[in-house]
Amino acid sequence: MSDTTRKPLVAGNWKLHKTMAEGVELADALLKALPAERTAEVAIAPVFTSLATVGHRLQGSSVALACQDLYWETQGAFTGEVGPLQVKELGCRYAIVGHSERRQYFGDTDDVVGKKAAGALAHDIAPIICVGESLAVREAGQAEAHVVAQVTAALAGLETSTLGQVVIAYEPIWAIGTGRTASPEDAEQMHLAIRTRVGEAHGKALADGLRILYGGSVKPGNAAELMAQPDIDGALVGGASLEAASFAAIVTAAG
Ligand code: PGA
C-alpha cells in the first residue's frame, strides 16, 4: 500500500471452525505469535458462541474482535438473529457483512448487505463489506462491473457521515478456500476500480482513506506481494487464520 494514511488491517475469518476452548487456545497462541512492532491493525472473527470468551482473552491486547455477520435490527421478533447491540456489548469493533458464503448459502442480497452495514454503523461497529465475482462472471469479462455494482449498492443507503468507518474486502469467489489467488496485478486493478468508483460517488478524500482488503487464499507465501500493491490495504484471511504462525506471518507481511 502506498498511502500511509491508511492503516493496514488484517482480519481473520474463522468461519464455522473451532469450539470455544479451541478458539481461546488459538487466540492465546496468536497473541504470542503476533509481531510486537507493527503498523497493521489485527482483528479476528470467531463464531458467535465464542465471541464472549475470545473477546475476554483479547481485552487489553492490540487485537480487535469482529463478528462474521449480524442482523440490522437491535431487537424484536427475529428468531435466530443477533443484532448490533449484542455484538457491541461483547466488544466487537468490526462486523464482516456480505461474505460470499452468506450471499451464496443464506441468500444475502445487496439490499440485505447494505442494511447490515447500516445496522453495524448505527452502533459504531465498522462493517467489512465483502464483494467479489464468481469464475463465470470473471470469464465473461464482467468482474469489474459486477464488483463495482456490489460496492455501489452496499454504500448507497449509508449515511455519508459514517462512510469513513467502512472497510471493503474484495474476495473473488473462485479464490476463496481454493488455493488460487488473484495475481497481485489483477487484485490491484480491482482495488483501484473500487477506489475510483467510491471517489466518483463520495469524493476523493473518502476514497483515499478507504481501506480495501484483499481476500481469497491469502497465505504467508503470497501475502507480501499482494500487500505491496498500492491499493491493497490489508487482508481478510480464512484458512490461514486458523493457525497462529501463518496468520502472524501474514500480519508481518502487511507491515
Ligand atoms: P480463505 O478465505 O483465506 O480460506 O480463502 C477467505 C475468506 O473467505 O474470507
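Analyst: K15 sits in the loop that connects strand β1, residues 9-13, to helix α1, residues 20-33. The model is a predicted one, and the values below are computed from it. The backbone angle phi of K15 is near 50°, which is a positive value in a residue that is not glycine. Is K15 buried or exposed? Its relative accessibility is 19%, and buried means under 20%, so K15 counts as buried.

D124 is found between helix α5, residues 110-121, and strand β5, residues 126-131. Phi of D124 is near 65°, again a positive value in a residue other than glycine. The relative accessibility of D124 is 46%, so D124 counts as partly exposed, whereas K15 counts as buried.

The next point is which parts of the chain come together in space. A153 belongs to helix α7, which runs over residues 143-156. With a relative accessible area of 30%, A153 is partly exposed. A153 and D111 are separated by 42 residues in sequence, yet their C-alpha atoms are 7.1 Å apart.

The end of the chain gives another case. G255 lies in the segment that follows helix α11, residues 244-254. The relative accessible area of G255 is 37%, which makes G255 partly exposed. Which residues does G255 touch, leaving aside those up to four places away in sequence? They are R38, T39 and A40. For A40, the separation from G255 is 215 residues in sequence, while the distance from C-alpha to C-alpha is 5.7 Å.

These two pairs can be set against a figure for the whole protein. Among contacts between residues at least 6 apart in sequence, 71% join residues at least 24 apart.

Aromatic rings are a further topic. A pair of aromatic rings is described by the distance of the centres and the angle of the planes. The protein has four aromatic pairs. In the pair formed by Y105 and F106, the ring centres are 6.4 Å apart and the planes stand at 90°, so the pair is edge-to-face. Both Y105 and F106 are exposed. Elsewhere, ring pairs link Y71, W72 and F78 into a cluster.

Now for the protein as a whole. It contains 11 helices and eight strands. The radius of gyration is 17 Å, close to the 18 Å that the globule rule gives for 255 residues, so the protein is as compact as a globular protein of that length. Along the principal axes, the C-alpha atoms fill a box of roughly 45 × 45 × 35 Å.

Of the 255 residues, 51% count as buried, and K15 counts as buried too. The protein exposes about 11000 Å², and carbon and sulfur atoms supply 53% of that area. As for charge, there are 20 positive and 29 negative side chains. The centres of these two sets lie 3 Å apart.

To return to the loop in question: K15 lies between β1 and α1, has a positive phi near 50°, and counts as buried at 19% relative accessibility.

Terms used
Residues numbered from 1 in each chain as written. Predicted model: local features only at pLDDT ≥ 70, side-chain atom pairs only at ≥ 80, totals over all residues. Heavy atoms only, no water. Helix = DSSP H or I, 4+ residues; strand = E, 2+ residues; numbered from the N terminus. Rg over C-alpha atoms; globule rule 2.2 N^0.38 Å. Buried < 20%, exposed > 50% of the residue type's maximum accessible area, 1.4 Å probe, protein only. Contact = heavy atoms within 4.5 Å. Areas by Shrake-Rupley, 256 points an atom, 1.4 Å probe, with all protein chains shown as cover. Lys, Arg positive; Asp, Glu negative; His and termini not counted. Charge placed at Lys NZ, Arg CZ, Asp CG, Glu CD. Phe/Tyr/Trp six-rings, centres within 6.5 Å; stacked < 30°, edge-to-face > 60°.
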